[in-house]
Amino acid sequence: GLASIFVLWALFRKELCWRSLDLVTAGACLLFLGTVLLSAVGALQPWAAVERAVNYFFRMLPFFFVPLLCKEPKQLWTLLGAGAFSLLVADGYALWQGLHGNLRAPAFHSHPMMLAGFLVQWIPILTLATAADWGKQLPLKKSWRLGLGFLWLLSLAALIVNGTRGAWLAVIFLLMLLGVTLLRKYKKALAAGIVVFALLIGIAGQHGGLQERVHTLGDASFQSNSERLLMWQSAWAMFLDHPLVGVGAQNYEYQYQNHYISPLAKERGQMHAHSNIFQILAEQGVVGFSAFCLLFGLILWRGWRGMRRGSFWGYLLMVATVGILLQGLTEFNFGNAAVIRL
């Protein structure tokens, strides 16, 4: 919040130049925020939608702080390094929690899905930074690459003891995609990564609690799975009843608990739909969902353009965004302030 105030004040005083921003992406963000406000029309709790719009605005601002404040490549690497150090601290605490029997280790956060939302972005980023040769873009010494590889290993272990199954699937998919499309050029790094990953999975698989967690992935009768299906059915019913602009942003909780909850539901205090897609369809209808797809489609397109140029930052933007979207199929991570700020 303080950072936002300082940056906005500096823009007002022309100490920072707004022309360095990607105005097309900024416009897509504002368009999406407009659909959040539009969803307040006819909502049972219109001020809740306005509050959600304000919250989204401040969560999106850090996305534009980097081009405003970082004028040299060194500043970008310093920022990325500070984030990596933060990840090291979180990984260490999560592993300590896991070794003491907590197989839903949240590290310093209130819920394990918050740490999972960080890891689905960081693990593919670390894979890129460690395994591929980025030349002048990322001039790392061998010792630094080994350090990043160690952090990659710690992050995988932290993800395992974190126990968030949607994040497991997202990371496995991304690692396979990176291995097939990019890292095949670096056969030694790819082989080492596969061996380490297989050993880690093999060791973790000896733990009975983790085995049971894996087995629940395909069990529709497992309560967490069945409750999600019921929440998605309720969210779809909200969308069908209010297809244009939805029931109103931040109105899902009230509507679900009071009007749309299934008689089969056991977890009757759920506050969101556990899916970005169903949450936004229910709350903002086809108008809001279209704006959501436009926004992330544009971000992915920017990443793709960077990849075509062979830019490390293009690959970074692509894999981090895909990680967020994949986990968001089974979790409303777009509603998590800390995850979206990262």
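## Close-up views of a predicted model

**View 1. Helix α2 and its surroundings.** Helix α2, made up of 16 residues (23-38), spans 22 Å between its first and last C-alpha atoms, close to the 22 Å expected at 1.5 Å a residue. As throughout these views, the model shown is predicted. The buried residues of α2 are Thr25, Ala26, Ala28, Cys29, Phe32, Leu33, Thr35 and Val36. Their cover includes α3 (46-60), α4 (62-69) and α13 (276-308). In an α-helix there are 3.6 residues a turn, so residues three or four places apart point the same way.

**View 2. The largest nonpolar core.** This core contains 54 residues. Ile123, Leu128 and Trp134 have the most contacts inside it. At least two core residues come from each of α5 (73-99), α6 (112-131), α7 (142-162), α8 (165-181), α14 (312-327) and α15 (337-341). The largest share is that of α6, with 13 residues.

**View 3. The surroundings of Leu128.** Leu128 is one of the residues with the most contacts inside the largest nonpolar core. Neighbours within four places in sequence are set aside here; beyond them, Leu128 is in contact with Trp134, Leu178, Leu182, Phe312, Tyr315, Leu316 and Val319. Among these partners, Trp134 is also one of the residues with the most contacts inside the core.

**View 4. Leu138 in a loop.** Leu138 is located in the loop between α6 and α7. Is Leu138 buried or exposed? Its relative accessible area is 6%, below the 20% cut-off, so Leu138 counts as buried. With neighbours within four places in sequence left out, the contacts of Leu138 are Trp77, Ala129, Arg145 and Phe312. Leu38 lies 100 residues from Leu138 along the chain, and 44 Å separates the C-alpha atoms of the two.

View 5. Phe85, Leu88, Val89, Tyr93, Trp96, Phe108 and Phe150 form a nonpolar surface patch of about 740 Å². Which helix supplies the largest share of the patch? Helix α5 does, with five residues. Phe108, another member of the patch, sits in the loop between α5 and α6. Phe108 has a relative accessible area of 54%, which is over the 50% cut-off, and therefore counts as exposed.

How values were computed: Residues are numbered from 1 along each chain as its sequence is written. This is a predicted model: local features need pLDDT of at least 70, side-chain atom pairs count only at pLDDT 80 or more; totals for chains, interfaces and linings use all residues. Side-chain values use heavy atoms; hydrogens and water are left out. A nonpolar core is a set of buried Ala, Val, Leu, Ile, Met, Phe, Trp, Tyr and Cys residues joined through side-chain atoms within 4.5 Å. Buried means under 20% relative accessible area, exposed over 50%, partly exposed in between (1.4 Å probe, protein chains only). Helices (H or I, at least four residues) and strands (E, at least two) are DSSP runs, numbered from the N terminus. Contact means heavy atoms within 4.5 Å. Patches are made of residues with over 30% relative accessible area and no salt bridge: like charges are joined within 9 Å, nonpolar side chains (Val, Leu, Ile, Met, Phe, Trp, Tyr) within 5 Å. Accessible areas come from the Shrake-Rupley method with a 1.4 Å probe; for residues, only the protein chains shown count as cover. A salt bridge is a side-chain nitrogen of Lys or Arg within 4 Å of a carboxyl oxygen of Asp or Glu. The expected span of a helix is 1.5 Å times one less than its number of residues.
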